[in-house]
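Visitor: Can you walk me through this one? I'd like to start with the overall layout.

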Amino acid sequence: MTIVAKDLVWGVRQKTIVADVSFTVAQGETLGLIGPNGSGKSSLLRLLAGLKQPQSGRVEILGQDIARVQRRELARQVAFVQQNAATDTNISVRDVVLLGRTPHRSALSGWTETDRAMVFAALERVDMTGHMAQPWQTLSGGERQRVHIARALAQTPQVMFLDEPTNHLDIHHQIEILRVVRDLKLTSVIALHDLNLAAMFCDRIVVLDGGTVRACGTPEAVLTHDLLRDVFRVEADVECASGYRPHIRFKAN
Amino acid sequence: MSIADHKEAGTGLLAVLLGIAMILLAISVALAAAIGDYSIGIDTVFLAVTNGLGLTTADIPPIEQSVVWDLRLSRALVAALAGAGLAICGVILQALLRNALAEPFVLGVSAGASTGAVAIIVLGIGAGSLSLSMGAFVGAFSAFAMVALLSNGATSGPNHTILAGVAASQLFNALTAYIVTTSGNAQQARDVMFWLLGSFGGVRWPDFQLLVIVVFLGLVICLLMARSLDAFTFGDEDAAALGVPVARIRLILFGVTAMVTATIVSMVGAIGFVGLVVPHAARYLVGPLHLRLLPASAAVGAIFLVLADIASRVVADQQTIPIGVVTAMVGVPFFAIILYRARPQQ
Amino acid sequence: MLTKSFALLVISAMLPVATAALAEPTTYPLTIQNCGQEVTFTKAPERTVALGHNSAEIMFMLGLEDRMAGTAFWPNKVMPELEAANAKVEVLTVEFPTLESVLSKQPDFVAAMIVTLMGPDSKVAKREDFDNLGIATYLSPTACTTVADTDNTSGSKATSVYGIRKNLWTMDLLYQEIDDLSRVFDVQDRGQVLIEDFKMREAKLRAEFAKREDLTFLFWFSSPSPADDAYLTGGNGPSAYIADILGGSNALKTESEWPALGWEGIMATNPTVIVAAQVDRARWGLDDAQNKIDFLTSDPAVSQMEAVKAGRIAVISGASMNPSINTIYGAEQLAEQLKTFDLE
């Protein structure tokens, strides 16, 4: 197993936000993380990526307890894409992606040909090579998110975590981004709001509710009428034609 | 498209720009050595400088030698270092606090310096063995310590840090006012005000010797962390995800900022606008990446402050106007231009 | 009365006989102790720059204007008696001067009034700047701050300027300055006369005005506006000295030398006499003494003060509330007006 989460507990002050969460992610798998607001998705994702420290439990990535791995070492294997990372600086696309090479370079060494090659390759994957010199402030939301993913790719990670990467994008870009992520040969965990998109693009889904795992399995297995009613408090029909991913039809009244 | 097409065409340009900057700086310093209330011919100025450097032993009047070498030259070089130092601190704070309006005095450093100075002047702390500068330095650093404490080692986010800086400024300003109004006399109040206003008049060679070490050390440390500073572009969490030891870097860089700013303030008082405007100007010239931005800011800051000091000396006859006035008068329109040109192209 | 003293001074200066017996001529080289530093003069200075009005005015009183090359720093106008002398000497600036402008006068002696003008933390000049060029320096004893001075080598009775004045201010520091400068310039006869004259005037005032427990003075320097807190003087500063010499005390018992107080607090002190300052700088309307008087007599609440109702409002120059030669003149101005008041 590439990622192993074991008995993770985390909270702020008196409140427990992640309670005894355990699951695994296989190599190359795309795992979807869904749950209502306040279920602890974001916090769990950060625990997995090593950005927060659990109060108890541990996370293993590629067989190593990440608490024992140096930050920089970890960043060479693990990339994290935020929801809506913003900046005021007018940095160029190329320089943004070049930031992804930070864990590979020490303070004093310059950028090498390898770095530039990685940057180019990353931009190719997200189809943004034509925008290399373009300043950040002139990009659209979808373009920015693609560049963020390119930056994560430039880290040449084995594992990628994405925190609701499609929230503010139009439907075309939502699908496009998720397709890119799915087609990467990486192990990835994506936190998502849109249940249908999760069904479309994830190999397996973990459902989080109140900090605990309510379900874990393939989209067909997890996305049932009862679960949607209990956890998400919606009435819905789930269509599951064979050979196709399940499709949720929400009921309005 | 090949990789070669996208190779950073910047390095050559950067070298040229820095070269130009050095020349401009040399010219500014030369101007500063030649201009002043005391009329001295250009040839004498030149000889005074070469005399001072030990290259010649020309026979010129001691007063003129002293004016050019001990007064003007040391003053110009300190102004250059102060400009560079304040600019670098501005760059760091704008990066770490992710706020384009951040500048060195946002951490309450100058308010702390004023309290330290006032404690020496009015309360007589140190019984005459502590100089005003030392008091100001201690005060400046105390303010920084308070900010670091309040904002939890500066790790609880930019907004917390800024608010802590505001709180520290208010507190130390209030302390200063309290001491002056309850214990001071008009003379002391005037002394403190004049001292704080920012002036290079009291600068001599020992100040240069201290400042050159502090500023160069600061610049070197910042350059070593330039890449980490870039990593902060999208915030602390992003930087951590890129493997940057966020808490450690923040603390070191805040420490460097406090050290450099406190030293400058204790030497020449509070000089506003340099730390705010120069990073923007430099960013406009060389872009936002810190490996270029830091040296560029240092260079622009140095030139700016040397020229501002010359201006403060020639504008009013036989009298020095506070340098803060000059930097504001230049800084504000400059800032307006930068803002206008950088407006979003939608 | 002021012109009479000045005439006395001039006449005395022309009769060396009576005073020569007290004052020996200076033998050069002369070394004096000044604020923890030894200063040596090989001859009487000929091109002096005086930094600060007090240092300048003392030199004018000693008739030294022909040996001066420039003056600087005049927050108040020069005393009327000394206007003629002042006109003969170039004023570099009324603000803080630049060191270069001072040096451009090619001075052989620089005398300073406060450490802000010449001192280790000064933005204008440090003593070493002049020492290195062989220019003699002198710092007024009222401004001494060196550690060595805790042994009182300058004979200073007040604490250093870096601290609160613990004892009542006296003219002694000024007498020391006059004495030092008269020795430096070899005009000791004039110096002695000046000192004796001041001492005589001091003594005269003390004799004339017996100590009274019930006599208090309120010294009002100025206010930004009638509604604002007023800037008064208190503590152990020059105004306390003036009050003491005239047999009274300051209505304010605070230690602070320049306290600000609202009118309600002022009325509560119920002073016997209100002393309004005539401040020349004309920054605020109430700088002018007449405006002060108008306010005191017309404000519904303030005009009810006993001192105002009894017409016990006096006017003295604002400069005299600063520690300087002006102070004794201020005392005399106040004395004259005090005599016309009914103090019962």
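Visitor: How many Å separate the centres of domain 1 and domain 2 of chain A?
Guide: This is a predicted model. In it, the two centres, taken over C-alpha atoms, are 26 Å apart.

Visitor: Where do the domains run?
Guide: The domain assignment gives domain 1 of chain A as 1–77 + 157–253, and domain 2 as 86–156.

Visitor: How many residues does each put into the contact?
Guide: Domain 1 of chain A gives 12 residues and domain 2 of chain A gives 12 residues.

Visitor: Which element gives the most on the domain 1 side?
Guide: α6(A), with three residues. By class, that side of domain 1 has seven nonpolar, two polar and three charged residues.

Visitor: Switching to α5(A). Is it mostly covered or exposed?
Guide: Mostly covered. 11 of its 14 residues are buried. Among them are R144(A), H148(A) and L153(A).

Visitor: What do the buried ones pack against?
Guide: β6 (78–81), α3 (93–99), α4 (113–125), β7 (159–163) and α6 (171–183) of chain A.

Visitor: Why should α5(A) span 20 Å?
Guide: Because it has 14 residues (141–154), and the estimate uses 1.5 Å a residue.

Visitor: What comes just after α5(A)?
Guide: T156(A), which takes a positive phi of about 45 degrees.

Visitor: Now the open sheet of four strands. What's the order?
Guide: β2-β1-β4-β5 in chain A, with antiparallel pairing. The edge strands are β2 (15–25) and β5 (64–65).

Visitor: How many bridges join β4 and β5(A)?
Guide: Two, in the antiparallel sense. E60(A) stands opposite D65(A) in β5(A).

Terms used:
Residues numbered from 1 in each chain as written. Chains lettered and ligands numbered in written order. Predicted model: local features only at pLDDT ≥ 70, side-chain atom pairs only at ≥ 80, totals over all residues. Expected span 1.5 Å × (residues − 1). Buried ≥ 20, exposed ≤ 12 C-beta atoms within 10 Å, placed from the backbone. Contact = placed C-beta atoms within 7 Å. Pairing = 2+ DSSP bridges. Domains from an automatic or database assignment. Nonpolar A, V, L, I, M, F, W, Y, C, P; charged D, E, K, R; others polar.
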